[in-house]
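Here is a quick tour of a few helices, taken one at a time and then in pairs. Have the coordinates open and follow along.

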Amino acid sequence: MTDDRLRALLEERMRAALRQPGRAGIPLRPDQDAPAPLSTRQARLWFMIRLVPQAAAYNLPLVIRLRGAQEEFLVEAVRRLAARHQVLRSVFAEGPVAVVRDSVPVRVVDCEDLEAELAAETGRPFALESEPPLRATVFRVAPGEHVLALTFHHIAMDGWSEEVVLRELFEPSAPPRLQYADFAAWETADADPAWWVERLQGLPPVLELPTRGPRPAVADWTAGEVPVAIPARVAEQVRRAAARAGCTPFMVVLAAWQVLLGRLAGTDDVPVGVPEAGRHHPDLEELVGFFVNMLVLRGDLSGAPTGRELLERVKEGALEAFAHAEVPFEQVVEALHPERGLGATPLFQVSLSVLDRPKLDRQDAELVHVPTAMAQFDLSLDLVSTADGGYAGELVFRRDLFDEPVVARWGAWFVRVLDELTADLDRPIADLDPLTALDREELLDWGRGAALEVTESVVARILAHPRDRVAVVGPSGAELTYGELVEHATRLAGGLADAGVARGDAVGVCLPRDEYVPAVLLGVWLAGAAYVPLDPEHPQERLAWVAADAGVKVVVTRKGVATMPGVLVIDADEPRAVRAVEAPDVDDLAYILYTSGSTGRPKGVEITHANIATLVAAIATRPGFGPDDVMPAVAPLGFDASTMEIWAPLALGGRCAVIEREVAVDGRALGERMTAVGGTAVFLTPTSLRLLLAAGWKGDPRLRVWAGGEAVDPGLVRDVRPLVAEMWNAYGPTETTSISVVHRLEEGSAPIGRPMDGEHVRVMTADGRLALPGVVGELWIGGGGVARGYRNRAFDGCYRTGDLVRWRPDGLLDYVGRRDHQVKIRGHRIELGEIEAVLREHQDIADAAVIVQGDTLAAYLTPATVSGEEARAHLSRWLPDAMIPRRWASLDALPLLASGKVDRSALPRTLLLHDTSTALSTEAEHLVADVWRAVLDVQEISATDDFFALGGHSYSATQVAALLREALGCRVPIRMVFDLPVLADFARALEELLEGETA
């Protein structure tokens, strides 16, 4: 800003003051004793008090310790002060109006516990309709020593008034010409808020600082505070930097505060509330009362400015704001109509106050600090100058949002940012580092798992186990020993070698789920190849595309479940001779697993034997697994969880129990099977756990549950943890070999935890910096579990997950959500962009958007003539069932943002669920429809509706079966819902089931 611009702004500020009406003097009210109207500021505060009547947030304590025989003097000083200022002895009645009383009572009491009694006295709310806004108590704390506790309500007091009070208590002077009520009657409400409306337009409703948990709908406002001290050395740097930048020390402090807040909230748009005296007429300088106005100073940190450039922005913004300070904050709020609620203050939630040290020039008196009992904002930095040239004060915070150790750390970070900013104004603010070397080392240490050295593959371990030990149990109860497992595998390896499979080749596996699954996979490895899971339930077109992309020339199957044109298909059950084999090297490729891809085609993740060996070695320690353990294998081969379910127990000498798919999706059957096979450790998605609970599962005191594949919530922990021996959160994407971060859960919270042995993690900001503890960032994972890369595309040493997490104060990671449009639905990781891309391939679909509604997918299509049934049929040719949206809408056009991107928040939530319908007819159809309505919360249901198209899924299918079982008194298989999802078909089968029960 040029000197001319600065001079112009100051002149405008002076002209604004000169434009005030009654410049020659504020007139007195004709009847000084008549009830007085409230000022604009008082009226808004009166409203807030009525909204939360018991809050002590607006109590302003002023406490003075005096030595000597001062008791009578203090009582008289308070009475004299109240007599001089009517506002201190007024009560506030409906209207609202201020009614003047004769005096303010002063209590004199003996004191035994000063700290406790001060807290009680200064923290007690006012009943303003019956008591004046000043309470005065003289405490006798020792012979010749007294403490005067004055508790003011903000409706009659502000920071400037404190100086007036301190002066008048000890230096009696002539009565003031005016009273606060004269100001209230004189002030005008014609200030124009237009500048503020333009300045604050588009302000986010809340500055999203990293809170302990979700922001409560109704704020508690109970305050905590931590001390903050700016050393004299740093304060001197502040003054020098201000001089060099042509601004004030306050502006420098504000800039540093906004830099830190921006880092904590992950934003470049940082509004901070600052108090402005509000005494725009010289007649008001000696009055006690509520004059202060709050100005919203909107910080702009965008564009990677240097410290000098930021100070220029802050200076210009502050000067402009102070030039428009005559507009009351209340009027700005009314003009902007911001989103309102009882959980946060409007327009800003963080404040800054920098004041001169209060003056009390007496040898026999000193001010006593009283901790703030109730907060006015989420976070307030209040500083005063100190005698040594520094600053001292407090960070006041809401206890329902933040923990004290976290806020204390923020205070230290602020001082460090201020120090670095003022030390070099030409340094980019992005380079300012709040962390000390100790902080940084602690952060890095949190992200390091213990070192692991992998020297052999899991195959070598399997070959070394006792041959007579049971290795695998199938769905029928049939068992394979380790000797039989290896024998079957070596026979298949020979057959693959005869078919031309060489080391490093990719071999497709398309198998029924039984005890021979691990043997087939092991056989592929013993042939030196990597396996590629091909789910027999997936569309033929998708399987063909995956096989071609992976370079599969041979597919292994059993019982004729797969036919692949153009690919050699080998039956694993054909008799073959045993061949001599050797374990693969740890650097060899183990499998290629295809996951959802944003390009419209799945991506093949390449996992090596070293990756699996690292996973197994880590699991042996945390969560823990040994040779006496049994793990049910619930996940399909196309899920990365199958890696740990099969290879952890087999590599560690335990037992793998293969669970067929129809049991895996039936909560009652799954619970029974886990018990029957003697399961001691199981990996289940939260959806599967809810299936178990819905089926009345009683748990198992031997069982250790590893929950993953979806976010684990505290409610699930509460329900599951008492039923099992242990419950673990097991987090990890396919690209890092199933799981990378684990934590043993107890009731109360559900962090994902710390990295496993052999892994290291970092939480990173969007611009590639380490995120501060508590600040949300993207999780990057490195270490022995990170895949080689995608097919034909290597990783560069770490994997950027796209998951948003944050470090807790205890060094555990909390999962927050997704950075992009990748989601998890019932354990399936789904890239919404892939679904949208496949939809757009349909000749009649111009555009498409897919979102998550609850725990189902919803698709929006253009133009409005497109049929949801046609789109569903198209997707079914390419995508597995989990990726097919259940809800559909056809629109003329998708709503767009100004950037041209789809405005997903504006997509209609009422979706077309079916194109044609048939009325319900039979009693069974009406019964089923009633149950579906109760479970799915859908009112309009026809006989041709599909349960899953209405939003049904595995968990809700369990609920349907349970309700029908209760209503009809017979067992209704959950599988029936999956086999017959159309209501009329399901109802007809239900009738047949009932006839069979009664026959």
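Let's start with helix 26, residues 923-936, which has 14 residues and reaches 20 Å from its first C-alpha to its last, close to the 20 Å expected at 1.5 Å a residue. Keep in mind that this is a predicted model.

Which residues of helix 26 are buried? They are Ala924, Glu925, Val928, Ala929, Val931, Trp932, Val935 and Leu936. Looking down the axis of helix 26, you find these buried residues within an arc of 165 degrees, so they line one face of the helix. On the face of helix 26 turned away from the buried side sit the exposed residues Glu923 and Ala934.

| Helix pair | Angle | Axes apart | Source of the pair |
|---|---|---|---|
| Helix 24 and helix 25 | about 110 degrees | 10 Å | residues 832-840 and residues 868-876 |
| Helix 15 and helix 16 | about 50 degrees | 7 Å | residues 482-498 and residues 517-526 |

Take helix 24 and helix 25. With an angle of about 110 degrees, helix 24 and helix 25 are therefore roughly perpendicular to each other. Their crossing is right-handed. Helix 24 brings Ile835, Val838 and Leu839 to the contact, and helix 25 answers with Ala871, His874 and Leu875.

What is buried in helix 25? Gly868, Ala871, Arg872, His874 and Leu875 are. Down the axis of helix 25, its buried residues fall within an arc of 160 degrees, so they too line one face of their helix. What do the buried residues of helix 25 pack against? Their partners are helix 24, strand 39 (856-862) and strand 40 (887-890).

Next, helix 15 and helix 16. Here the angle is about 50 degrees, and the two helices are therefore oblique to each other. Helix 15 passes helix 16 in a right-handed crossing. From helix 15, the residues in contact are Leu485, Val486, His488, Ala489, Thr490, Leu492, Ala493 and Leu496. They meet Pro518, Ala519, Val520, Leu522, Gly523, Val524 and Leu526 of helix 16.

Notes: Residues numbered from 1 in each chain as written. Predicted model: local features only at pLDDT ≥ 70, side-chain atom pairs only at ≥ 80, totals over all residues. Heavy atoms only, no water. Helix = DSSP H or I, 4+ residues; strand = E, 2+ residues; numbered from the N terminus. Expected span 1.5 Å × (residues − 1). Buried < 20%, exposed > 50% of the residue type's maximum accessible area, 1.4 Å probe, protein only. Arc of directions from axis to C-beta. Axes fitted to C-alpha atoms, helices over the stretch in contact; angles between N-to-C directions. Parallel < 35°, antiparallel > 145°, perpendicular 65-115°, else oblique. Left-handed = near helix turned anticlockwise from the far one by under 90°. Contact = heavy atoms within 4.5 Å.
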